[in-house]
Amino acid sequence: PAPPAAAAAAAAATPAPAPTPSTLLQRIAARPPFTTARSEAQKGVAALGAKNAPQAVTHFTREAELAPKDPTGAYNLGTALSLAGKPAEAVASLETARKAGRRDLAADAAFNIGATRFREKDYEQAARAFREALRLSPGDPDASWNYELCVRRAEEEKKKQQEQKQNQDKQDQQKKPQPSPSPSPSPSPSAGDKQQEQKKKQERE
């Protein structure tokens, strides 16, 4: 007997499975697009140039995954994370690059850590990072200028906090109830005073 028309139509509508690639060239063509750490780095740089930090983070993450032993990926990723507004992740990635990278890359990583800390108004830690950048790259004018700026800002911030604490302490003292003064006792007459009073009384009599 012939199958029902509805079943026949359903069978005809079912797509046939795609043929399995048989040759090496067909298998390569069927794979996702091939990428390298270098190409991902280039795409990340282009994304930063277009001020698309989140997209740059995606590309630099792939770069770091494809070349985990190259600290350049960690440096690029940390820089993009900083610009994307993720300071904690940025500092962690930049620290990896600073510790594992060559001297010039480590100096740049320390510099970007300082810039990240500065944006967070953590001037003391920023000064420490710029000082490290100066140690790794002596005479760097940008690191030197930023270090001095952060030292001044850190001192101003500390002074401001001290003044606020002093003002708060004064306000707290003023809010405390002051004890009422106890009445001072009136002095009792001495023996000499009593004799003088008796003498005056006799004179009056």
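Tutor: A search of the whole structure finds five salt bridges, a salt bridge being a side-chain nitrogen of Lys or Arg within 4 Å of a carboxyl oxygen of Asp or Glu. The model is predicted, so local features need pLDDT of at least 70 and side-chain atom pairs count only at pLDDT 80 or more, while totals for chains, interfaces and linings use all residues. Residues are numbered from 1 along each chain as its sequence is written, and side-chain values use heavy atoms, with hydrogens and water left out.

One of the salt bridges joins Arg98 to Glu132, with the closest N and O atoms 3.4 Å apart. This pair links distant parts of the chain, since Arg98 belongs to helix 6 (residues 87-100) and Glu132 to helix 8, 34 residues apart. Helices here are DSSP runs (H or I, at least four residues), numbered from the N terminus. Arg98 is partly exposed at 24% relative accessibility, whereas Glu132 is buried at 19%; buried means under 20% relative accessible area, exposed over 50%, and partly exposed in between (1.4 Å probe, protein chains only).

Glu132 also forms a salt bridge with Arg135, where the closest N and O atoms are 2.8 Å apart. Because Glu132 and Arg135 are three residues apart in helix 8, about one helical turn separates them. Arg135 is partly exposed, at 49% relative accessibility. Through shared partners, salt bridges join Glu95, Arg98, Glu132 and Arg135 into one network.

A further salt bridge is formed by the side chains of Arg102 and Asp104 (3.0 Å, N to O). Asp104 is partly exposed, with a relative accessible area of 45%.

Phe111 and Phe130 form an edge-to-face pair, at 5.2 Å centre to centre and 75° between the planes. Phe130 is buried at 2% relative accessibility, while Phe111 is partly exposed at 21%.

Terms used. Rings of Phe, Tyr and Trp (its six-membered ring) pair if their centres lie within 6.5 Å; planes under 30 degrees apart count as stacked, over 60 as edge-to-face and the rest as tilted. Helices (H or I, at least four residues) and strands (E, at least two) are DSSP runs, numbered from the N terminus.
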